[in-house]
Amino acid sequence: MTERFQPEVDLLVPVYRPDRKFSRLLQMIRRQTYPVGRIIVVNTEKAYWNQAGYGDVPGLEVHHVTKEEFDHGATRNLAAKYSGADVMIFMTDDAVPQDEFLVERLVEALREAGAGGGDGSHGLCQADAGQRLPHDREDYAEI
């Protein structure tokens with residue numbers, strides 16, 4: 001029997017003034033059925049980072065940038081440079097997974113598609129996120 005390839009997965013999250021939603025995101029990532037190797041955070045403004053509040057999160061790696069250095073694309077590219085994983089999942093700091101199967105489902109979708117990229121964060125809308133787009137998944141709307 002051949003062993004199935006288990007790609008290494010990192011989660012990449014740009015953060016600005018992390019709050020309770022970010023804490024919930026970290027809690028839900030720790031509950032995932034598919035292991036996340038590292039949670040690479042690029043935080044805007046070190047003054048807003050609570051090291052004591054996140055110091056016990058396994059695999060958490062934080063890199064700080066100034067507000068002037070922040071740029072949506074460049075900040076994500078910076079996070080990607082720190083990762084050597086087979087799969088990088090980019091999320092926003094308020095995209096809280098509904099359940100423990102998000103990473104498993106994303107990896108399985110990549111396997112089935114034979115693809116090397118995808119973005120599942122658009123389907124993880126918060127209830128207070130405003131107008132929803134037609135492609136957003138209904139089962140992720142109420143968090």
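Buried means under 20% relative accessible area, exposed over 50%, and partly exposed in between (1.4 Å probe, protein chains only). The legends below describe a predicted model, in which local features need pLDDT of at least 70, side-chain atom pairs count only at pLDDT 80 or more, and totals for chains, interfaces and linings use all residues. Residues are numbered from 1 along each chain as its sequence is written, and side-chain values use heavy atoms, with hydrogens and water left out.

**View 1. Asp99 and Arg105 meet in a salt bridge.** A salt bridge here is a side-chain nitrogen of Lys or Arg within 4 Å of a carboxyl oxygen of Asp or Glu. For this pair, the N to O distance is 3.0 Å. Asp99 is buried, at 14% relative accessible area, whereas Arg105 is partly exposed, at 39%.

**View 2. Asp10 pairs with Arg38.** Their closest N and O atoms are 4.0 Å apart. Asp10 sits in strand β1 (residues 9–16) and Arg38 in strand β2 (residues 38–44), so the pair links distant parts of the chain, 28 residues apart; strands are DSSP runs of E with at least two residues, helices are runs of H or I with at least four, and both are numbered from the N terminus. Asp10 is buried, at 0% relative accessibility, while Arg38 is partly exposed, at 24%.

**View 3. Glu100 and Arg31 form a salt bridge between two loops.** The N to O distance is 3.6 Å. Glu100 lies in the loop between β4 (87–90) and α4 (102–113), and Arg31 in the loop between α1 (20–30) and β2, so the pair ties together parts 69 residues apart in sequence. Glu100 is partly exposed, with 24% relative accessibility.
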